[in-house]
Amino acid sequence: MNQLTKMALEMGPLVLFFAVNATTNLMTATAVFVAATVVALATSYALARTIPVMPLIGGVFVIVFGGLTLYLDDELFIKIKPTIVNLLFASILFGGLAARKLFLKLVLESAFKATDEGWRILTWRWAFFFVFLAVVNEIVWRNFSTDTWVAFKVWGIMPITMVFGMAQVPVLMKHQLPEEQGDKAAS
């Protein structure tokens, strides 16, 4: 699957969520978000015969928390979804570190070849970053309007995450394995 299609499948439901919320309300936007997520996951599977782990996990949470939001007619569930997802990711990464497992390496090793020390540093940083995102989500949804929260979720979290990710490139470069060593480590 090409990168543009992949990005459209991953970002499309979120952009629709924002657009529909801007023109209607959060409940309608949530229904569209859930439906678009199901369509995106099905399309991803139809095109690639697989669904990447992160979009699958995110999709399950959208379906569960979006479904609870609609079924119980309560905005709380869709608003706390990012907090719960980010705390879950942080817990998995912190738990892995405590068990001497580098779960971030397992997920991203096919894209980046780095030493275990590099993966450990990245795992700590991403775990704390996920806690940061959870705290920020709580602050925004509790202290600002729903429209502000939706805009921040769509146009704030993604750029913050991209900037944070780009800031991790020096760690990857410093701890990068030479190509042949990376190939041996993957075997």
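Here is a short walk through the model, with something to select at each stop.

**Before you click**

This is a predicted model, where local features need pLDDT of at least 70 and side-chain atom pairs count only at pLDDT 80 or more, while totals for chains, interfaces and linings use all residues. Residues are numbered from 1 along each chain as its sequence is written, and side-chain values use heavy atoms, with hydrogens and water left out.

**Stop 1: the whole chain**

Show the chain as a cartoon and you'll find 10 helices and zero strands. Helices here are DSSP runs of H or I with at least four residues, strands are runs of E with at least two, and both are numbered from the N terminus. Going along the sequence, the pattern reads α-α-α-α-α-α-α-α-α-α. With a radius of gyration of 18 Å, close to the 16 Å from the globule rule for 187 residues, the chain is as compact as a globular protein of that length. That radius is taken over C-alpha atoms, and the rule is 2.2 Å times the number of residues to the power 0.38.

**Stop 2: the surface**

Of the 187 residues, 37% are buried. Buried means under 20% relative accessible area, exposed means over 50%, and partly exposed is in between (1.4 Å probe, protein chains only).

**Stop 3: two domains**

Colour 1-72 and 74-178 separately: these are domain 1 and domain 2, with bounds from an automatic or database domain assignment. Their C-alpha centres lie 19 Å apart. Where do they touch? Across the boundary, 18 residues of domain 1 are in contact with 20 residues of domain 2, contact being heavy atoms within 4.5 Å.

**Stop 4: helix H1**

Gln3 is exposed, with a relative accessible area of 60%. Draw a distance from the C-alpha of Gln3 to that of Glu117: the two are 114 residues apart along the chain and separated by 30 Å.

Next, move to Leu14, also in helix H1. Is Leu14 buried or exposed? At 12% relative accessibility, Leu14 counts as buried. Leaving aside neighbours within four places in sequence, Leu14 is in contact with Phe33, Lys153 and Val154. Pick Lys153 from that list: Leu14 and Lys153 are 139 residues apart in sequence, yet 8.8 Å apart in space, C-alpha to C-alpha. For the chain as a whole, 67% of the contacts with a separation of 6 or more are between residues 24 or more positions apart.

**Stop 5: two arginines in loops**

Most residues other than glycine have a negative phi, which sets up the last pair. Arg49 sits in the loop between helix H2 (26-48) and helix H3 (53-72), and its phi is positive, near 60°. Arg49 is exposed, at 59% relative accessibility.

Then jump to Arg100, in the loop between helix H4 (76-98) and helix H5 (103-108). Arg100 has a positive phi too, of about 60°, although it is not a glycine. Its relative accessibility is 78%, so Arg100 counts as exposed.
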